[in-house]
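Here are a few notes to read alongside the model. Have the viewer open and go through the points one by one.

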Amino acid sequence: MKPAMKRSNAPIFWGLFGAGGMLAALFGPVLVFVTGIAVPLGIILPADAMSWSHMHAFAQHWAGKGLLFVVVALFMWHAMHRIYHSLHDLGVHAASATRFACYGLAVLATLLAAGALLAVGF
Amino acid sequence: MSESHRNGKVIRIEVLRYRPEQDEEPFLQAYEVPFSDDMSVLQGLQYIKDWLDGTLSFRWSCRMAICGSCGMMIDGEPRLACKTFLRDFPAGAVRVEALAHFPVERDLVIRMDDFLAKLESIKPWIIPKEQRSIAQGEYLQTPAQLDVYEQFSSCINCLLCYAACPQYGLNPDFVGPGIMALLHRYNADSRDGAAAERMEIAGSEAGVFNCTAVGYCSEVCPKHVDPANAVNQNKTRAAGDYFLRLARPKGGAK
């Protein structure tokens with residue numbers, strides 16, 4: 001073991017991964033149900049629940065905006081962290097390249113989500 | 001061991017041999033070993049060494065799962081040879097190899113220098129919060145304070161968890177499950193005051209964040225220690241340290 005111990009920066013990524021995982025567990029299944037089953041088939045929810053005007057209003061409200069942002073951004077950080085470590089398990093050890101690609105995509109998704117939500121206006 | 005103990009049953013024990021002075025690379029060698037239902041894999045190896053092939057090398061001492069010497073891969077799983085019985089291999093054959101992820105010294109003997117260096121680095125002893133004189137009496141602890149770390153103190157340094165850990169296999173710099181269990185054993189002890197110092201190792205680039213929560217370490221532990229739990233608790237603590245150090249007053253601490 002190396003004598004000088006460098007503090008790991010992993011807590012940042014592990015924190016985003018953990019937050020995304022928690023959110024995915026809480027919201028993931030119900031999102032699949034709402035967007036993929038209930039609304040298209042008109043079960044429980046009205047068929048126009050996800051119409052353009054409804055969703056536009058949702059994305060304009062500060063709470064809806066916030067929810068969309070954390071769902072998109074944190075799901076992405078969660079997924080990219082998992083893919084990064086799975087690549088390592090599969091023997092792809094180009095650490096800095098894969099790390100840059102994975103976390104870079106998460107940064108990109110975060111910025112795009114923020115940009116789009118701001119562009120929708122309040 | 002006399003013939004009358006063995007009821008005429010024979011098992012084929014395949015051993016991965018490696019003698020550095022004469023073998024280019026490891027190879028499998030099979031031995032036909034007479035056995036009885038009460039014989040462990042370790043006793044099978046001892047039969048080979050005593051009666052069939054004196055050149056076979058393996059570590060053992062206590063024969064009762066407390067010394068941690070006879071860890072090896074038995075049919076691909078990290079197990080103690082003394083705690084695994086020949087009767088449990090009904091196909092009539094069992095393969096025995098040196099522990100995975102460690103350099104092989106000879107036959108079933110691995111080099112544990114890496115583990116020992118790591119063990120030393122975590123200061124595996126109680127560093128008292130406050131020195132007490134003999135007149136002040138013993139360091140008292142409640143049963144609840146004991147419960148917090150007791151299971152982690154059962155580690156026998158057998159290294160099965162290291163052979164089970166895919167992340168240690170990929171990156172031997174990782175401190176690994178057993179060391180984290182032991183580090184936690186001392187950090188979680190109410191009498192100890194050196195947690196901050198040990199957390200430098202847990203939170204380092206060689207530390208807990210190399211773990212991907214596979215959990216096989218805890219499954220293979222012959223002493224029911226839960227190293228995966230020690231790693232998880234210290235991921236949370238190391239993450240807390242990482243963010244809170246910015247909020248803490250500077251003082252004398254790093």
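1. Let's start with a term. A salt bridge here is a side-chain nitrogen of Lys or Arg within 4 Å of a carboxyl oxygen of Asp or Glu. By that rule, the count over all chains comes to 17 salt bridges. Do keep in mind that this is a predicted model.

2. The side chains of Glu32(B) and Arg12(B) meet in a salt bridge, with 3.4 Å from N to O. This pair ties together distant parts of the chain: Glu32(B) sits in strand β2 (residues 27-35) of chain B and Arg12(B) in strand β1 (residues 9-17) of chain B, 20 residues apart.

3. Now to where the two chains meet. How much area do chain A and chain B bury between them? About 1700 Å², with 65% of it on carbon and sulfur atoms. Chain A puts 15 residues into the contact, and chain B puts in 21 residues.

4. Which residues form a salt bridge between the chains? The rule finds one salt bridge across the interface of chain A and chain B, and Glu205(B) forms it with Lys6(A), the closest N and O atoms being 3.4 Å apart. Five residue pairs in polar contact also turn up across this interface, both partners at pLDDT 80 or more.

5. Look at chain A's side of the contact. Both α1 (10-41) and α3 (62-89) of chain A supply at least two residues each to the side that touches chain B. The largest share, four residues, comes from α1(A). By class, this side of chain A divides into six nonpolar, five polar and four charged residues.

6. Finally, follow α3(A) to its partner within the chain. The axes of α3(A) and helix α4 (residues 95-120) of chain A come within 9 Å and cross at roughly 170°. Angles over 145 degrees count as roughly antiparallel, so that is how α3(A) and α4(A) run relative to each other. Their contact has 21 nonpolar, three polar and two charged residues.

Methods:
Residues numbered from 1 in each chain as written. Chains lettered and ligands numbered in written order. Predicted model: local features only at pLDDT ≥ 70, side-chain atom pairs only at ≥ 80, totals over all residues. Heavy atoms only, no water. Contact = heavy atoms within 4.5 Å. Buried area = accessible area lost by both parts, 1.4 Å probe. Polar contact = N/O pair within 3.5 Å; in protein donor to acceptor, adjacent residues only side chain to side chain. Nonpolar A, V, L, I, M, F, W, Y, C, P; charged D, E, K, R; others polar. Axes fitted to C-alpha atoms, helices over the stretch in contact; angles between N-to-C directions. Parallel < 35°, antiparallel > 145°, perpendicular 65-115°, else oblique.
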